[in-house]
Amino acid sequence: MEGGEKQNRNEPSRSGPCRDMKDGSSQTDCRIRGHGPRLSKVNLFTLLSLWMEMFPRDPPEEKEEEEEEEEEDSRQIRGMGLVVVREGKVVGLHCSGPELHAGQAAVLQHGVRLAESQLYFSRRPCATCLKMIINAGVSQISFWPGDPEISMLESSPPGSVREEAALLDAVATEKLKSNSRPHVCVLLQPLTPDLLQFVNETSRDCDFRERQNEDDAAAGDGFNRERVRYLRAFSRRFLVCTSQQHKEILTQMGLENFCAEPYFCNLRHDMRELVEVLAAVAAGVPRHRHGFHREQSWTSWGPQEEVAQEVARHCIIQARLLAYRTEDPKVGVGAVIWAKGKRVGFGGTGRLSLVGCGYNAYPAGSKYAEYPQMDTKQEDRQRRKYRYMIHAEQNALTFRTRDIRAEEPTMLFVTKCPCDECVPLIRGAGITHIYTSDQDRDKDKGDISYLRFSSLTDISKFIWQRNPSDSPAASSHLVNGYLGKHDRQPEPETNRNKKLCTQRPSGAPSGC
Ligand SMILES: [Zn+2]
Ligand SMILES: [Zn+2]
């Protein structure tokens with residue numbers, strides 16, 4: 001993020017969808033011919049911070065969102081998500097744990113390496129976090145303008161200890177904000193036109209839903225039901241229910257300028273659209289009856305080193321969010337790498353810490369339009385994109401935030417089956433676990449092929465599948481409790497072309 005991107009700390013402004021930051025690595029967020037709309041970097045970081053707030057707790061609890069929400073509401077200090085960005089790249093994904101706030105967890109993990117980085121919080125951090133972050137020398141702190149970490153939505157009686165704590169924190173936070181060198185602000189950008197529709201369409205038809213769509217074709221629209229359910233849960237969590245309450249919270253946070261029209265209306269609109277994107281992306285990876293299942297191999301890593309199903313699903317959704325920054329005209333791919341340390345680490349991610357993440361794009365620092373964009377279906381081989389595109393896994397490994405250590409299980413979550421170019425890189429880097437969808441496995445598409453993935457036997461592979469217990473067809477392929485590698489049906493081409501429903505859900509919260 002450069003200077004031009006910054007907003008005045010108390011001055012709301014809406015940047016046009018094409019006025020994206022120049023991030024050094026790319027390009028433009030304007031719509032390019034034949035290319036789907038992209039998420040801006042600011043919106044990606046914002047969405048990742050919201051999603052990190054929902055990182056599954058350890059030990060994972062099988063709970064419905066409603067119950068979780070109630071429990072959350074009964075505490076005054078709300079859990080938060082945090083994204084640490086340096087030079088336009090994500091270098092940390094954090095969330096609050098039982099003892100540490102997200103901001104404290106980031107300070108512990110990064111220390112002075114936080115200097116000159118930008119932080120994206122899913123709520124305004126409390127004074128305890130803010131003073132340490134400012135002290136570490138960060139250059140910018142952005143927060144989602146909903147209920148802050150020390151909740152103001154609590155119905156505490158006037159004059160109570162809790163109300164006093166919230167007021168004292170609000171005063172201290174304001175003082176820290178106004179006296180600090182780093183820019184403390186609200187960074188929200190309107191979505192690129194058509195992006196929400198694009199995310200809905202691509203989530204409904206993504207590899208993680210494809211089999212479910214086949215099964216549900218007769219039973220109605222499973223995707224839409226799930227999306228509306230997420231939208232309700234996320235709206236309760238991230239949007240302030242009434243305009244009046246929202247204005248009170250903004251005023252207490254020293255953001256009274258946002259309360260004036262048209263800023264207030266725009267702010268609520270932009271917040272709601274981002275929550276809708278998150279709901280669609282989450283619904284793209286069905287929660288019920290599907291999961292990642294280990295493929296038979298002779299790996300030396302014991303089963304205790306896998307991550308819980310809900311954690312794996314959370315990480316693949318991180319990767320799906322990253323994929324909406326793709327520069328590939330056709331296929332967005334996202335990848336995230338997490339390592340599992342020996343001891344319980346910082347904050348709510350337990351033993352897991354981020355190694356790196358990325359999406360497929362042309363080489364950093366290059367101009368998008370200079371490179372060929374054709375795919376295998378087009379005639380001219382010289383003008384095809386394949387020799388120029390950096391794959392999501394390659395970007396995640398190149399721009400990793402720390403080394404991959406031999407003694408730590410290291411997990412790659414990637415939205416598409418690794419290709420033959422990436423397989424040796426993944427093995428060479430020391431990745432021990434891969435979580436992916438294997439739609440393209442064993443296919444040779446000429447310029448790009450997926451033949452080597454199956455031979456990757458020294459890495460634990462977890463393939464997205466319908467749960468064996470739910471699928472009589474799949475269970476016949478079970479070998480010693482593991483899934484055989486050829487239990488998939490051939491890819492149905494027709495499903496990709498079916499008509500897409502993009503109407504708004506009836507359960508969507510109304511605007512301002
Ligand atoms: Zn805090
Ligand atoms: Zn690849």
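**View 1. Helix H9 and the glycine that follows.** Gly254 comes after helix H9 and has a positive phi, near 75 degrees. Helices here are DSSP runs of H or I with at least four residues, strands are E runs of at least two, and both are numbered from the N terminus. This is a predicted model, in which local features need pLDDT of at least 70, side-chain atom pairs count only at pLDDT 80 or more, and totals for chains, interfaces and linings use all residues. Residues are numbered from 1 along each chain as its sequence is written, while chains are lettered from A and ligands numbered from 1 in the order in which they are written. Which residues of H9 (residues 243–252) are buried? They are His246, Ile249 and Leu250, where buried means that 20 or more other C-beta atoms, placed from the backbone, lie within 10 Å of the residue's own. The buried residues of H9 pack against H10.

**View 2. The largest nonpolar core.** A nonpolar core is a set of buried Ala, Val, Leu, Ile, Met, Phe, Trp, Tyr and Cys residues joined through C-beta atoms within 7 Å. The largest one has 124 residues, and those touching the most other members include Leu48, Leu278 and Phe413. Helix H10 (residues 263–283) gives this core its largest share, eleven residues. Leaving aside residues up to four places away in sequence, Phe413 touches Cys315, Ile316, Ala319, Ala335, Val336 and Tyr435; touching, or contact, means C-beta atoms within 7 Å, placed from the backbone.

**View 3. An open sheet of five strands.** The strand order is E2-E1-E3-E4-E5, and the pairing is mixed; two strands pair if DSSP finds at least two bridges between them. E2 (89–95) and E5 (183–185) stand at the edges with a single partner strand each, so one side of each has no neighbour in the sheet. E1 (residues 81–86) and E3 (residues 118–121) run antiparallel and are joined by four bridges, with Leu82 opposite Phe121 in E3. Helix H3 (residues 102–110) lies across E1 and E2, at about 125 degrees to E2; angles run from 0 to 180 degrees between N-to-C directions of axes fitted to C-alpha atoms, for helices over the stretch in contact.

**View 4. Stretches to view with care.** The chain averages a pLDDT (the predictor's confidence in each residue, from 0 to 100) of 80. Over residues 474–512 the pLDDT is below 50. Where pLDDT is low, the predicted coordinates should not be read in detail.

Note on methods. Two residues are in contact if their C-beta atoms, placed from the backbone, lie within 7 Å. A residue is buried if 20 or more other C-beta atoms lie within 10 Å of its own, exposed if 12 or fewer, and partly exposed in between; C-beta atoms are placed from the backbone.
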